[in-house]
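Hi,

Here is the structure I promised to pass on. Have a look, and then read on for my notes.

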Amino acid sequence: MSRKTGKGTQKRARFERLCTEIRNFVTAYPGCSAQAIVAGLNHDQKLRNHGLTPRKVGFFITRNLRQTLTWWQDHRAGRRVYAPIGEEPKKSA
């Protein structure tokens, strides 16, 4: 049997595609929740085989996309809201 030379390349490709798709979605819809991200990726981008849930997306963003995306707590709805860095909401007086 020959040794496989591409060890881990499919896993890395899925990781990179998920990063890109989440970043593109949040850039297009700043102020969206993890639930909206999952719905958009599952239905519009056809990422059904990734097993995405709002909880997984929330953990994924805070661990892997910290340099490009930020989040804050929406106290009225009781959930995290995501946006690209630099597009945080203005503090109201």
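Which residues in H1 meet which in H2? From H1 they are Leu18, Glu21, Ile22, Phe25 and Val26, and from H2 they are Ala36, Ile37, Gly40 and Leu41. To meet here is to be in contact, with heavy atoms within 4.5 Å.

Before the rest, some housekeeping. This is a predicted model, in which local features need pLDDT of at least 70 and side-chain atom pairs count only at pLDDT 80 or more, while totals for chains, interfaces and linings use all residues. Residues are numbered from 1 along each chain as its sequence is written, and side-chain values use heavy atoms, leaving out hydrogens and water.

The overall picture: the protein chain has 3 helices and 2 strands, in the order α-α-α-β-β from the N terminus. Helices (H or I, at least four residues) and strands (E, at least two) are DSSP runs, numbered from the N terminus. Of the 93 residues, 31% count as buried (under 20% relative accessible area; exposed is over 50% and partly exposed in between, with a 1.4 Å probe and protein chains only). Of the contacts between residues at least 6 apart in sequence, 46% join residues at least 24 apart.

Back to H1 and H2. Their axes come within 10 Å and cross at roughly 115°; axes are lines fitted to C-alpha atoms, for helices over the stretch in contact, and angles run from 0 to 180 degrees between N-to-C directions. By class, this contact has 7 nonpolar, 1 polar and 1 charged residues. For the classes, Ala, Val, Leu, Ile, Met, Phe, Trp, Tyr, Cys and Pro count as nonpolar, Asp, Glu, Lys and Arg as charged, and the others, Gly among them, as polar.

H1 (residues 9-28) also packs with H3 (residues 54-64), at an angle of about 95° and with the axes 12 Å apart. That makes H1 and H3 roughly perpendicular (65 to 115 degrees; under 35 is roughly parallel, over 145 roughly antiparallel and the rest oblique). H1 brings Phe15, Leu18, Cys19 and Ile22 to the contact, and H3 brings Val57, Phe60, Ile61 and Asn64. Those residues split into 7 nonpolar, 1 polar and no charged.

Val57 of H3 deserves a look on your screen. Val57 is buried, at a relative accessible area of 1%. Not counting residues up to four places away in sequence, Val57 touches Ile22, Ala34, Ile37, Val38 and Leu52.

What else is buried in H3? Besides Val57, the list has Gly58, Phe60, Ile61 and Thr62, and their cover includes H1, H2, E1 and E2. In H2 (residues 34-44), the buried residues are Ala34, Ile37, Val38, Gly40, Leu41 and Asn42, with cover that includes H1, H3 and strand E2 (79-84). After H2 comes Lys46, which has a positive phi near 60°.

In the loop between H1 and H2 sits Ser33, buried with a relative accessible area of 10%. Leaving aside neighbours within four places in sequence, Ser33 is in contact with Arg79, Arg80 and Tyr82.

Finally, the strands. E1 (residues 69-74) and E2 pair in the antiparallel sense over 6 bridges (pairing needs at least two bridges found by DSSP), and Trp72 has Val81 in E2 as its bridge partner. Their hairpin has 4 residues between the strands, and Gly78 there takes a positive phi near 75°.

Cheers
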